[in-house]
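Let's walk through this model together, strand by strand and ring by ring. Please keep the sequence and the coordinates at hand as you read.

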Amino acid sequence: MTWSDGTTYQGEWSNDRMHGHGVLSRANGEVYEGEFSNDRMHGLGKLTKPGESVYEGSWSNDLKHGLGVMSMQNGDNLEG
């Protein structure tokens, strides 16, 4: 699926919504690979923001939630 702003999604669907495992690539270069529920990042996943950070861990309704690791471009890692 490709949207007019250049965002793409490849993965599982349920009732015309991103649901299950998939990869969402935004036009700004951000890439999320992981679990979705009703069009939201939900479950385990990895969000890569080029030139900034990578977060890998738990998500709930598009928000970082629970345990995860944030790796910053400067080499710092935040865990929790």
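Strands here are DSSP runs of type E with at least two residues, numbered from the N terminus. Before going further, note that this is a predicted model, in which local features need pLDDT of at least 70 and side-chain atom pairs count only at pLDDT 80 or more, while totals for chains, interfaces and linings use all residues. Residues are numbered from 1 along each chain as its sequence is written, and side-chain values use heavy atoms, with hydrogens and water left out.

E1 pairs with strand E2 (residues 17-25) in the antiparallel sense, over six bridges; two strands count as paired if DSSP finds at least two bridges between them. Within this pairing, Tyr9 stands opposite Leu24 in E2.

What about the aromatic rings? A pair of aromatic rings is described by the distance of the centres and the angle of the planes. Rings of Phe, Tyr and Trp (its six-membered ring) pair if their centres lie within 6.5 Å, and planes under 30 degrees apart count as stacked, over 60 as edge-to-face and the rest as tilted. A search of the whole structure finds five aromatic pairs. One of them is the edge-to-face pair of Tyr32 and Trp59, at 5.5 Å centre to centre with 85° between the planes. Tyr32 lies in strand E3 and Trp59 in strand E5 (residues 53-60), so this pair ties together parts that are 27 residues apart in sequence. Tyr32 is buried at 0% relative accessibility, and Trp59 is buried too, with a relative accessible area of 5% (buried means under 20%, exposed over 50%, partly exposed in between, with a 1.4 Å probe and protein chains only).

Trp59 also forms an edge-to-face pair with Tyr55, at 5.2 Å centre to centre and 85° between the planes. Tyr55 counts as buried at 6% relative accessibility. The charged end of Lys64 sits over the ring of Tyr55, 5.6 Å from its centre; for this, NZ of Lys or CZ of Arg must be within 6 Å of the ring centre and within 35 degrees of the ring normal. Tyr9, Trp13, Tyr32, Phe36, Tyr55 and Trp59 form one aromatic cluster.

Leaving out residues up to four places away in sequence, Leu78 touches Gly68, Val69 and Met70, where contact means heavy atoms within 4.5 Å. Leu78 and Trp59 are 16 Å apart in space, C-alpha to C-alpha, and 19 residues apart in sequence.

Key
Helices (H or I, at least four residues) and strands (E, at least two) are DSSP runs, numbered from the N terminus.
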